[in-house]
Amino acid sequence: MATSVLEHRPPALPHAHPKTGIWSWITTVDHKRIGIMYGATSFLFFLLGGLEALIMRMQLIGPNGKLVDPDTFNALFTMHGTTMIFLGVMPLSAMFFNYFIPIQIGARDVAFPRLNAFSYWVFLLGGLFINASFIVGTPPDGGWFGYANLTSSRVMSATAAAPSPGLNIDFWVLGLQILGVASLAAAVNFFVTIVNMRAPGMRMLRMPMFVWMSFVVQVLLVLAFPVITVALILLMFDRNFGSSFFMPDGGGDPVMWQHLFWIFGHPEVYILILPAFGITSEILPVFSRKPLFGYTAMVFSGIFIGFVGFGVWSHHMFATGMGPFADTFFAIATMVIAIPTGVKIFNWVGTMWGGSIRYTTAMLSAIAMVALFIIGGLSGVMHSSPPADLQQTDTYFIVAHFHYVLFGGAIFGLTAGAYYWWPKMFGRLLNESLGKVHFWLMFIGMNLTFFPMHFLGLHGMPRRVYTYPEGLGFEFWNRVETFGSFMLAAGFLVFIVNIIKTWRGPRNAPADPWHGATLEWSIPSPPQEFNFPKLPVVHSSVPQWDARRAAGGELPEPELVSGEDIHMPNPSYWPLVAAIGVFLVFFSLLFIRTWPSWWMFTIFSVLWLFYGVYRWAFEPAH
Amino acid sequence: MERSPNRAKHAWMAKAALLGLVVLAAACADSYPNYPQTTLDPRSDFTRLVDSLFRQTFWWAVIVFVLVEAALIYVLWRFRAKPGDAEPEQSHGNTTLEIIWTVIPAIILVFIAVPTVKTIFKTSLPTPNPEVEVEVIGHQWWWEFRYPKLGVVTANEMVVPVSKMIGLKMWSADVIHSFWSPQLAAKRDVFPVFPNTKYPKINPLWFTADSVGDYTGQCAELCGIQHATMGLRVIVKSDADFDAWIAARRVGSPLVEGGRVAPGVDSVWKADTIHTKGQAAFVAGGCMTCHAMAGTPLAGAMTLRGPNLSHFGSRTTLGANMYENTPANLAAWLRDPQGMKKGSHMILPRPLTETEIDALVAYLRMHK
């Protein structure tokens, strides 16, 4: 929607520290650069997870597939789930948290810029660590949910194929703990940023919906990640030190793992989807030229979803036989979540009602997010009913459900965000024609891949199977799904082409290419390091629209200023040093069973970590 | 925004919608017999309860889906930007509307919740008076079925009489599995119970099959490398056929006389060269380490690693519903069990000779 094409922007104005070169990226504490690093890294991980999915789809294209071994297939779906959740969708959301939370609330950076850099480095190292398991030849293969006691080594150790327990699950257990450190540090940081760093007049109930949903996500992260961390530590003890937290022969209980995992795992679902809800709530108003319908209801429905989301975890466990009272409680709690979710859907439709809808790629993706999430939400209601779930759980019906929620919901929301915010982040508008090709390939491919999974699940195809025999009637829809998955992959290829083409093209993005409502559109594209030369004063939830109205039309392009008198935090490499320390600590724990002196490595790593934190703490921040 | 791209887009949408309808129609026109493991064709009282609940929720979901998506599509068409559009009215919400669309879904959910809770209480309580009791024990990667009152132990194929209440008690010998017989019993997880487990979690399940037939099912909880091939069959027989089946299976069962067979049977076996040769191979090949077998010294063992092989010749499948039980498949299995089912716990102490394999195939198939 660019109405004017800007001339090539002059190079950024000089500042105290270097702005280019690899070292400037390694030492950066600028939330925008960290956001871009999050985005680039997680997009690569996302492509890796997609590749894993394609291999699985090739294996399942017909009955008795022989492309990969059964153990490889188990590793593929374990790593596909782990990658997409922890290394794909979560950090892609973190890219937008990083880049846009400070700008949207009118701040110059996050509350703890170096902690922010630390989060990124820990995330990167954690992602590389888990995936290094492929290189060593022992990828995790116990599912992304790692159910004990399958993952407790004493049982697994007895397989004929692997007489002693491999490091597969250890990579997963330790990798997730590394990623947990990154998520927790980032969550605290954004929480404090949103509470403390808002510009004058940016009251809580004036915050953009993306910031609001991000805020709920940070609370969920802070409350949910400690639970999985505890569970992972207990599992680590079971595996390495002979404890029996989840082993039925030593007085432990494998069902406890399921409870701990899903007390984390269900809020995790909202951690994945709420940022996409926020992005959608940003985009629909802008391209309908109308404010968000029912702002307050949108805020409180988001909070309500997050709150009740902590009380529904056992709906993942209806088949465990919890008894009729627990089943009833968790069924009703789960159904209740449908109400605020419905409010969101209706309010989105209400936002577009009476508007003037411009079909940009960002808008199409946001609309698709709504349309597809409805399907995922309704199939969710179907298996909130425990007896019905006794047929559906652990089948492809569930795979269909959560891909409608997480691909149809989260990925389409994030794609919408990418097209919407790309010009702000890089000063270049993504090509709209390629964008539409990307969108339609993704939209049709998505439905071809995931809709038939409903049929297959109801017709009796279980999840996590490396093969299926002839004669069960699974052939046709599996072939359709594999075809659809390649269409999806083609969509992402077009996206990559679009990115490369745009990157090579001129800087053509004005400050406000879409006539946006929020503060990020009031500053140049891309923003200068300090975001705002003067902190803005906010009077409503749509400050940029207020400014346009006050000006009676187009606003002039904001000018670049030198910003010499603006104090920004110094670059620092100590966050990276500390992050390497965190990585080393968990890396050393990989050797517990195989190297008697592993603890010496651990002590060394802890000292490294302390030294990094010590130097970080006493380094002048400004 | 110009008109033409919009029109093209609408044509696209129409095509997409048409494609969707065709796909749905194709899916509906498909008949259930093409899907022998389907959940949509219930054949027992239990799965009929589940199915009728599912169908109620399904139609509510369809109604909501059609209405909401139709509203969405209407809005997208009706309020598309046209050249020269004035700024739309800047409405911020409408409390009445928002209350309405909070309350209506809540009411629909009540219509789903009430039958749900009723069905929960019907399906999750153990049956008071099962007419046939079967113990289901999950193993990596096969199923053991015991009939404690009838004195039968078998594997991978559960045989039950039609129109009789079957009560299952289920646990696992190693990791968590999930017993899933889609047309008869839906799904329940089975949890490991070891000899020293203090509080064993033994899940019940019940069903009354309403038609004779051969139903497939499989493990539904990830349980390791061969989760995909941990299949099972439930074979529903008429009363008379079931009684005959039980009577035959009691011969050499560990639950009857500790596996000892009547002297008459024993002398018949000993006179049969197929039997004597096969049994010799069975002992010499080390099969006894893991498998109980009628006529061998360990016929009465209940805790061996592998399935009880008495009456193996009457089983329709091999390797937990993985291969048809033919002489060729059985020979291939005995030659290379790891090649037939990678990662399986069956390891041969030493490779069997072709003569031994022939003897074993004949011997195992003779025991019907």
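Visitor: How far apart are the end C-alpha atoms of helix α4 of chain A, and what span should its 24 residues have?
Guide: Keep in mind that this is a predicted model. Helix α4 of chain A covers residues 113-136, and at 1.5 Å a residue those 24 residues should span 34 Å. The figure from the model agrees with that, because the end C-alpha atoms are 35 Å apart.

Visitor: Where is the kink in α4(A) centred?
Guide: The helix bends by about 25 degrees along its way.

Visitor: Is α4(A) largely enclosed or largely open, and how many of its residues are buried?
Guide: A residue counts as buried if 20 or more other C-beta atoms lie within 10 Å of its own. The rest of the structure largely encloses α4(A), because the number of its 24 residues that are buried is 17.

Visitor: Over in chain B, which strands stand at the edges of the open sheet?
Guide: The sheet has 5 strands with mixed pairing, in the order β3-β2-β1-β5-β8. An edge strand has a single partner, so one side of it is left without a neighbour in the sheet; here those strands are β3 (152-155) and β8 (203-208).

Visitor: Which residue in β8(B) stands opposite B:Lys169?
Guide: Strand β5 of chain B, residues 165-172, runs antiparallel to β8(B), and 6 bridges join them. Opposite B:Lys169 you'll find B:Pro204.

Visitor: Which helix gives the largest share of the side of chain A that touches chain B?
Guide: There, 81 residues of chain A are in contact with 88 residues of chain B. The largest share is 15 residues, and it comes from α10(A).

Definitions and conventions. Residues are numbered from 1 along each chain as its sequence is written. Chains are lettered from A and ligands numbered from 1 in the order in which they are written. This is a predicted model: local features need pLDDT of at least 70, side-chain atom pairs count only at pLDDT 80 or more; totals for chains, interfaces and linings use all residues. Helices (H or I, at least four residues) and strands (E, at least two) are DSSP runs, numbered from the N terminus. The expected span of a helix is 1.5 Å times one less than its number of residues. The bend at a residue is the angle between axes fitted to the seven residues ending there and the seven starting there. A residue is buried if 20 or more other C-beta atoms lie within 10 Å of its own, exposed if 12 or fewer, and partly exposed in between; C-beta atoms are placed from the backbone. Two strands pair if DSSP finds at least two bridges between them. Two residues are in contact if their C-beta atoms, placed from the backbone, lie within 7 Å.
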